Amino acid sequence: MVERLGKLRPEDLTENSVLLGSPTRIVDTLKKVEAAGFDEVILYFNVGLKPHPQVKDEMARFMAEVAPAFG
């Protein structure tokens with residue numbers, strides 16, 4: 001997996017691998033995943049060299065603005 005991830009290019013990333021955009025867009029994408037029969041996803045918020053406070057803010061925003069759609 002590490003080797004595969006090391007070879008990823010930005011153009012290889014799609015909504016099937018990265019969640020970007022507004023909370024509404026992310027909810028819509030995850031609803032498609034849910035409709036396909038998946039009931040769990042793995043989310044990595046600390047991608048790259050982001051500062052820890054930013055990662056915590058992104059996680060809190062996800063929980064406040066996206067997670068409630070999946071009660």
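1. Start with Glu34, which counts as partly exposed at 39% relative accessibility. Here buried means under 20% relative accessible area, exposed over 50%, and partly exposed in between (1.4 Å probe, protein chains only). The model is predicted: local features need pLDDT of at least 70, side-chain atom pairs count only at pLDDT 80 or more, and totals for chains, interfaces and linings use all residues. Residues are numbered from 1 along each chain as its sequence is written, and side-chain values use heavy atoms, with hydrogens and water left out.

2. Glu34 pairs with Lys31 in a salt bridge (3.6 Å, N to O). The term means a side-chain nitrogen of Lys or Arg within 4 Å of a carboxyl oxygen of Asp or Glu. Lys31 and Glu34 are 3 residues apart in helix 2, so about one helical turn separates them. Helices are DSSP runs (H or I, at least four residues), numbered from the N terminus. Lys31 is partly exposed, at 33%.

3. The count comes to 3 salt bridges. One of them joins Glu65 and Arg61 (3.3 Å, N to O). These two sit 4 residues apart in helix 3, about one helical turn. Glu65 is partly exposed at 40%, and Arg61 is partly exposed at 47%. Another joins Lys50 and Glu58 (2.6 Å, N to O). Lys50 is partly exposed at 24%; Glu58 is too, at 28%.

4. Next, the core. The largest nonpolar core has 7 residues: Ile26, Val27, Leu30, Phe45, Val55, Phe62 and Val66. Such a core is a set of buried Ala, Val, Leu, Ile, Met, Phe, Trp, Tyr and Cys residues joined through side-chain atoms within 4.5 Å. Helix 2 (23–35) and helix 3 (52–65) each supply at least two of its residues. The largest share, 3 residues, comes from helix 2.

5. Now the pockets. A pocket is an open set of points on a 1 Å grid over the protein atoms alone, where a 1.4 Å probe fits, with protein on both sides within 12 Å along at least five of seven lines; lining residues have an atom within 4 Å of a point. The largest pocket is lined by 32 residues, and Ser17, Val18, Leu19, Leu43 and Tyr44 lie nearest its centre. Helix 2 gives the most to this lining, with 6 residues.

6. Leu30, Glu34 and Phe62 are among the residues lining the second largest pocket. Helix 2 again gives the most to the lining, with 3 residues.
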